[in-house]
Amino acid sequence: MAQIVKIKSIEHLTHDVLKIVADRPVNLSYLPGQAVDVAINKPGWEKEWRSFTFTSLPDDDHIEFNIKTYPSHNGVTNQLLSLSSGDELVIGDVYGDIKYKGEGIFIAGGAGITPFIAILKHLEKNNQLGNNKLIFANKTKGDIIQEEKLGKLLGKNFINVLSDEQFPGYEHGFISPDTIKKHMDGNMKYFYLCGPPPMMDAVGKHLASLGVSEEAIVKEGF
Ligand SMILES: Cc1cc2nc3c(=O)[nH]c(=O)nc-3n(C[C@H](O)[C@H](O)[C@H](O)COP(=O)(O)OP(=O)(O)OC[C@H]3O[C@@H](n4cnc5c(N)ncnc54)[C@H](O)[C@@H]3O)c2cc1C
């Protein structure tokens with residue numbers, strides 16, 4: 001059943017990504033990596049459901065989202081830009097295909113990082129980060145969501161790929177089969193994939209060309 005919750009804080013993480021912290025709905029249960037239907041409790045917007053992924057952990061006393069906004073378009077994410085603490089969200093059904101199955105490579109594009117933020121925070125909490133790796137594709141360095149946090153979690157296992165900018169220590173271009181191959185090792189059983197559909201299609205083809213079976217891929221399109 002949908003529940004109304006109050007926003008505790010709302011701030012910019014990057015030029016177009018908001019971090020929203022809200023009260024935890026009563027009896028909410030979710031797994032790291034899962035998403036939920038969210039609407040804004042404002043006249044005309046209460047039934048405009050959109051999917052967002054929890055970046056909080058199931059045991060936290062609050063819920064958190066990292067949301068990329070599209071201000072050029074009068075949709076829900078543009079409306080979120082005008083909210084402040086005390087405003088309300090409607091929280092609906094929980095769902096989502098991404099869950100952690102075992103060590104592997106996480107491959108994210110843009111806001112597709114959100115399920116992996118929750119999973120990696122959960123692994124850190126349980127001392128299970130192991131040799132998991134993250135390949136994160138963005139246009140520019142300024143677009144990278146939670147770069148500092150992810151760097152702290154993963155160290156050398158955090159690989160950034162920038163398509164529109166060259167930076168020392170950051171790979172340049174789109175994720176290619178070589179980008180993935182370089183970071184694969186024999187123990188990598190799983191490939192976690194999340195991002196916009198064109199990126200998902202391209203990386204899906206790269207994984208197939210590297211001999212990765214469909215069963216080894218855990219994915220969700222944004
Ligand atoms: C399971 C799941 C989990 C998700 N989790 C997250 C998350 O944690 N964080 C996150 O940031 N996103 C997440 N998304 C994506 C998010 O749901 C969408 O970005 C969001 O619904 C956009 O809502 P909107 O109302 O602003 O745009 P909508 O009105 O729904 O339109 C969305 C699309 O319109 C396009 N568009 C942009 N400008 C225009 C324009 N001028 N005219 C027409 N179309 C335009 C955008 O490219 C966008 O793809 C998730 C998606 C799924 C499926």
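1. Start with strands β1 (residues 3-12) and β6 (residues 88-95), which run antiparallel and are joined by four bridges. The names come from DSSP: strands are E runs of at least two residues, helices are H or I runs of at least four, and both are numbered from the N terminus. Two strands count as paired if DSSP finds at least two bridges between them. Along this pair, I4 stands opposite V90 in β6, and V5 stands opposite L89 in β6.

2. Before going on, please keep in mind that this is a predicted model, in which local features need pLDDT of at least 70 and side-chain atom pairs count only at pLDDT 80 or more, while totals for chains, interfaces and linings use all residues. Residue numbers start from 1 along each chain, as its sequence is written.

3. Now look at the other partner of β1. Five bridges pair β1 with β2 in the antiparallel sense, and the two strands form a hairpin with four residues between them. Here S9 stands opposite V21 in β2.

4. V21 is partly exposed, with 18 other C-beta atoms within 10 Å. On this scale, 20 or more other C-beta atoms within 10 Å of a residue's own make it buried, 12 or fewer make it exposed, and partly exposed lies in between, with C-beta atoms placed from the backbone. Not counting residues up to four places away in sequence, V21 touches K8, S9, H62 and E64. Contact here means that the C-beta atoms of two residues, placed from the backbone, lie within 7 Å. The C-alpha atoms of V21 and F167 are separated by 32 Å, and these residues are 146 apart along the chain.

5. Next, the whole sheet. It is an open sheet of six strands with antiparallel pairing, in the order β4-β3-β6-β1-β2-β5. Because β4 and β5 stand at the edges with a single partner strand each, one side of each is left without a neighbour in the sheet. Direction ignored, neighbouring strands of this sheet are turned by 40 degrees against each other on average. The angles use axes that are lines fitted to C-alpha atoms, for helices over the stretch in contact, and run from 0 to 180 degrees between N-to-C directions.

6. Is A35 buried or exposed? With 23 C-beta neighbours inside 10 Å, A35 counts as buried. A35 belongs to strand β3 (residues 35-40). Apart from neighbours within four places in sequence, A35 is in contact with S51, F52, T53, Y95 and G96.

7. There is another open sheet of six strands, with parallel pairing and the order β10-β9-β8-β7-β11-β12. Its edges are β10 (171-172) and β12 (217-221), each with a single partner strand, so one side of each is left without a neighbour in the sheet. Within this sheet, β7 (residues 104-109) and β8 (residues 133-138) pair in the parallel sense over five bridges, and I107 stands opposite I135 in β8. Helix α5 (residues 197-209) packs on the sheet and touches β7, β8, β11 (190-195) and β12. The direction of α5 makes about 160 degrees with that of β11.

8. How is the chain divided? It has domain 1 (3-95) and domain 2 (104-221), with bounds that come from an automatic or database domain assignment. The C-alpha centres of domain 1 and domain 2 lie 24 Å apart. Their contact takes twelve residues from domain 1 and 14 residues from domain 2. On the domain 1 side there are five nonpolar, six polar and one charged residues. For these classes, Ala, Val, Leu, Ile, Met, Phe, Trp, Tyr, Cys and Pro count as nonpolar, Asp, Glu, Lys and Arg as charged, and the others, Gly among them, as polar.

9. Then there is the ligand. Of the 21 residues around the ligand, H73, G75, T77, A111 and T114 come nearest; a residue is near a molecule if its C-beta atom, placed from the backbone, lies within 6 Å of it. The elements that give two or more residues to this shell are β4 (50-53), β5 (62-68) and α1 (76-80). The shell draws at least three residues from each of domain 1 and domain 2. By class, it has eight nonpolar, ten polar and three charged residues.
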